[in-house]
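Subject: Structure handover

Hello,

Here is the structure I promised to pass on. Please open it next to this email and follow along.

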Amino acid sequence: MKKPKSLLLSVLIGAVFSTGQAADIYVSPDGADSNSGQRGKPLASLAAAQQKARSYAGEESVTVHVADGIYYLPETLVFTPEDSGTKMYPVTYRAVNEGGAILSGGSELELSWKPYRDGIYQADTPAGLRVDQLFVDGVNQRMARYPNYDPVKKAEPYQGYAADAFSKERAANWANPEGGYIHAMHTKRWGGYHYLITGKDESGEVIYEGGWQNNRKMGMHKDFRMVENIFEELDAEGEWYHNSRSNTLYYKPASGVDLKYAKFEVVRLRHLVEFQGSEMHPVKHITLQGFVVRHAARTFMDSKEPLLRSDWAIYRGGAFFLTGTEDIQILDTEFDQVGGNAIFVNNYNRNVLVKGCHIHDAGASGVCFVGDPNAVRDPLFEYHETNDLMKVSREPGPKTNNYPANSAVEDCLIHGIGRVERQPAGVQISMAKGITVRDVSIYDTARAGINISEGTWGGHLIERCDVFDTVLETHDHGSFNSWGRDRFWHKDRDYSQSVIDEEPNFPFLDAGDTTVIRDSRWRCDHGWDIDLDDGSTNYEIYNNLMLNNGLKLREGFRRYAWNNITVNNGLHPHVWYHASGDQVFSNIFMTPHKPARMAEDFTKGGTQVDRNLYAASEAQVMKVSKVRNWDKNSIYGDPMFVDPAAGDFRVKDGSPALAIGFKNFPMDQFGVKKPSLKAIARTPVIPQIRKSQGEMAGASTAWMGAVLTELTGEEFSAYGVSKADGGLAVSGIGPIGPAKNAGLRNGDLIQAVDGRKTKNVNQFKRAIAGAKGEVVFKVVRNQELIELSINL
C-alpha cells in the first residue's frame with residue numbers, strides 16, 4: 001500500500017506522479033482486520049478493506065485483491081459516495097482468481113444429526129434461527145412440499161401441482177401449517193401468486209394472506225397449486241423442514257449425502273451488496289470483479305409494487321442492489337442460486353455495465369433495470385385503470401432523471417430464471433432508457449427471456465442474443481416479450497384510435513426513442529419467439545432467426561420488421577390500429593399470416609406488409625392477405641437455406657429471397673462469447689423444416705345481423721381467454737341492426753347465454769333455442785367480462 005505523505009515536498013511530488021501510483025489492499029480468509037492490508041498482511045473482511053480504500057478513493061487508483069475462500073458477510077456491504085473512484089482513479093474489488101472468492105449472505109451450521117423416522121434425520125439449531133433456504137454441499141434443498149418436485153416436469157407449473165394442495169381434506173393431516181406457503185399460478189397463467197399460511201380456522205379450512213404478486217388480480221388457478229414448508233409433507237429425498245418453535249431441523253438426505261461430512265448453510269441476508277447514492281450524489285467508478293455470490297434470501301412475499309399496467313408486481317431489491325450510481329461495473333461474477341433477483345438497478349443509474357457474468361437458478365429475475373413511476377407522466381398501474389386521453393400531458397419524455405439509462409448487460413450466460421417466482425425475466429426493463437443487451441444467452445426461464453414492460457422511454461438495443469426454452473410455466477408470452485400501455489393506450493381501442501387519428505404523435509410521447517432487436521436467435525415452444533404485446537411502439541426488428549413460433553405484433557405503432565426468418569411459422573398480427581405505420585417486408589415466412597380481430601384493409605398511413613418470401617402456397621397466403629390488402633408484391637418458393645439441419649439458415653446464391661431484398665446475416669454470432677461461459681452454454685434445438693399448413697378458420701354462424709365465429713389459434717390470446725373457455729367472436733355489425741341495438745359490438749366475445757357456455761357454434765345454437773324474453777349474455781369486451789341483457 002502507498003505510504004501517507006508527511007512533507008509538503010512529498011505531497012507535491014506525489015501529485016505529479018499520482019497517475020502512475022496506485023493503492024493495493026489485500027484480503028484473505030486467513031487475514032485479520034487488525035493487519036495493515038499490505039501483501040503478506042491481509043485483512044480478513046471486505047468491510048475492513050472498504051474502510052482502508054476510502055482513504056485513497058478518488059485520489060489514487062485502488063485495487064482490493066480478494067483471495068480465494070468464503071466470506072460470510074455479517075451484514076450488507078454498502079457503498080456510498082465516499083467510496084467513489086473517478087474515471088482516472090477507479091476503485092476495483094477483484095477476486096485474485098475468478099470464481100475463487102465467494103461472497104455469502106448466509107452462515108454455516110454445525111449440526112449433530114440423529115435419526116427421526118422414515119429416513120428423516122433431525123438436529124438441534126440455534127435459538128432464534130430463521131431458515132429460508134438450506135444448502136447442503138452448495139446445493140439448494142427443497143422445503144417439504146406437496147406435491148413433490150419432479151425435475152422431469154420442466155414445463156409444468158412448479159414441476160408438480162395439485163388441485164387439492166391446501167384442501168380441507170389435505171390440511172386435516174397437518175397439525176399446524178402456520179408458516180407454510182401456497183404457490184399458485186394466475187388463473188390465466190399470466191404469472192403466479194404466493195401466500196403465507198397463517199393457520200386453520202375452526203372448520204379446518206386453511207387460512208392465508210398474500211396474493212399481491214400479480215398486477216392483474218383475477219385469482220389463483222384452480223389446478224396449478226403447490227404448498228411448501230409443511231412438516232407432514234416431508235417425504236422425499238432432499239426435502240427439509242425447520243421447526244422454529246422447537247429449534248429443530250428435519251432433513252431427509254438426498255442420495256449421496258453423508259451427514260457426517262456434509263456442509264450445511266442457511267441464508268440470512270436479502271442483499272449482499274448495495275450501492276446507495278442519488279442523482280445529486282452518486283456512487284461512481286467502482287468495479288466488482290470475479291466473485292461468486294451465494295445465499296441471498298427469497299423475496300417473493302415482498303413482490304408487491306405494481307409496474308405500469310402490466311402483469312407484474314416487483315420487489316425492488318436483489319443480491320446486488322444499485323441506486324444512484326454512475327459507471328459501476330459488475331464483471332465476471334457468478335450469481336449462484338440466489339433467492340430473488342440477482343442484480344437490481346434501481347431508479348437513477350447511468351453507465352452500469354454487467355459483463356461476463358453467469359447468473360443461474362435465481363428465485364426471481366436475472367438483471368432488472370427499473371425506474372421511478374414518479375418520473376412517468378400520467379402513470380397508471382392496474383390493467384383496467386384508464387385516463388381521460390384528452391387530459392393527459394402532451395409533454396414528451398420523463399418528468400425527472402430518476403431512472404436507469406445508458407447501461408448494458410453484455411457477454412453473459414443467464415439460465416434457470418424464476419425458480420421461485422413466476423413473473424421473472426432473464427433481463428427485465430421498465431421505466432428505463434437506452435439499455436443494451438448484447439451477446440447474452442438466456443434459457444430455462446419460467447416466463448420471458450427478455451422483457452420490456454412499457455414504452456417508457458425506449459432507445460434499447462437487443463443484439464446477438466440467443467434466447468430459448470422460455471415461457472416454461474406461464475402462458476401467452478414470448479422469448480422476447482414487451483408491451484406499451486403508455487399514456488396513449490386505452491383498453492377501449494376505438495377511443496385511442498380516435499384520439500391518435502387527430503394526434504399521430506401521441507403514441508410516441510413516451511416511446512420516443514426506437515428500440516432495436518437485431519442479429520439474434522429466438523425459440524419459444526410455449527408462446528411466440530418475439531411477442532410485442534399491447535401498445536408496443538417504435539421498434540425496429542431485423543436480422544432475427546425465429547425457430548418456432550414466429551413474430552407477434554399486437555396493437556402499436558411504427559414497428560418495422562425486415563430481413564427476419566421465421567422457421568415453420570410467420571407473422572401474427574393482432575388487433576392493429578389503423579394507420580399504425582407498421583411495415584413488414586423482405587422477410588422469409590413459412591406460413592400464411594395468423595391475424596386476430598383485423599379482417600379488413602390495413603394499408604393506410606404508411607402501413608405495409610409486402611415484398612416477403614413465403615415457403616407456402618400463394619393460395620394459402622392470399623386467402624389471408626387479400627382482405628387486408630397485403631402481399632401484392634410478395635413471392636413464393638423454396639428459400640434454399642444453406643444447411644438448416646445444422647442451424648445455418650443463410651440462403652444460397654440464386655435463392656428467390658434475394659429478389660425481395662433479403663440479405664444474409666451471420667448464423668454463428670448468437671449468444672455469449674466469453675470462452676468459459678460459451679463452453680457450458682446450451683443452444684436451442686434446431687427444428688426440422690416442415691411443409692406449410694394453412695390454419696383452418698373457426699366455424700361461424702349468422703345471428704341478428706352479426707357474424708359469430710369460433711376462436712382458433714392466436715385468437716384466444718387476442719381476447720385474453722383460455723382455450724378451455726373459448727367463445728364466439730362478434731363481427732359484421734353495421735351502423736344499424738338488431739345486434740347493435742342489443743348492445744353488442746364488433747370485437748365482443750360471447751362466452752355464455754343464461755349461464756350456458758357458448759364455446760362453439762353448436763353450443764350457442766342450443767343455448768338460444770327457444771330462449772325468449774330477457775336473456776343474460778356473458779361477453780368479453782376489451783379483455784373484461786361484462787353482462788348484457790338482450791331481449792329475444
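A residue counts as buried when its relative accessible area is under 20%. V471 has a relative accessible area of 0%, so V471 is buried. Keep in mind that this is a predicted model.

V471 lies in the loop between β39 (466-468) and β40 (478-482). Its phi is near 50°, which is positive, and V471 is not a glycine. Why point that out? Because most residues other than glycine have a negative phi, and most peptide bonds are trans.

N247 is another case. Its phi is about 55°, again positive in a residue that is not a glycine. Look for N247 in the loop between β18 (239-243) and β19 (248-251).

Now the peptide bonds. Y146 and P147 are joined by a cis peptide bond, with omega about -10°. P147 sits in the loop between β13 and α3 (168-171). T456 and W457 are also joined by a cis peptide bond, and here omega is about 0°. W457 belongs to the loop between β37 and β38 (461-463).

**A buried loop residue**

Is T299 buried or exposed? The cut-off for buried is under 20%. T299 has a relative accessible area of 4%, so T299 is buried. You will find T299 in the loop between β23 (291-294) and β24 (305-306). What does T299 touch, leaving aside its neighbours within four places in sequence? Its contacts are R270, Y315, G339, G340 and E421.

Next, go to β34, residues 425-430. This strand is mostly covered, with 6 of its 6 residues buried. Strands of a sheet pair through backbone hydrogen bonds, either parallel or antiparallel. Which way does β34 run relative to β31 (residues 367-370)? The two are parallel, and 4 bridges join them. C368 stands opposite Q428 of β34. β34 also runs parallel to β37 (residues 448-452), again with 4 bridges. Here I429 has I452 in β37 as its bridge partner.

**An open antiparallel sheet**

Another sheet is open and has 5 strands. Trace them in the order β13-β17-β14-β15-β16; the pairing is antiparallel. Which strands stand at the edges? They are β13 (145-146) and β16 (206-210). Each has a single partner strand, so one side of each is left without a neighbour in the sheet. Further in, look at β14 (residues 181-186) and β17 (residues 220-228). These strands run antiparallel, joined by 5 bridges. H183 stands opposite M226 in β17. P147 is in the loop between β13 and α3.

**One face of a helix**

Last stop: α5, residues 618-625. Which of its residues are buried? They are V621, V624 and S625. Seen down the axis of α5, the buried residues fall within an arc of 95°, so they line one face of the helix. On the other side, A619 and K623 are exposed. What do the buried residues of α5 pack against? They pack against β53 (613-614) and β54 (635-636).

Over to you.

Best wishes

Definitions and conventions
Residues are numbered from 1 along each chain as its sequence is written. This is a predicted model: local features need pLDDT of at least 70, side-chain atom pairs count only at pLDDT 80 or more; totals for chains, interfaces and linings use all residues. Side-chain values use heavy atoms; hydrogens and water are left out. Buried means under 20% relative accessible area, exposed over 50%, partly exposed in between (1.4 Å probe, protein chains only). Contact means heavy atoms within 4.5 Å. Two strands pair if DSSP finds at least two bridges between them. The arc is that of the directions from the helix axis to the C-beta atoms.
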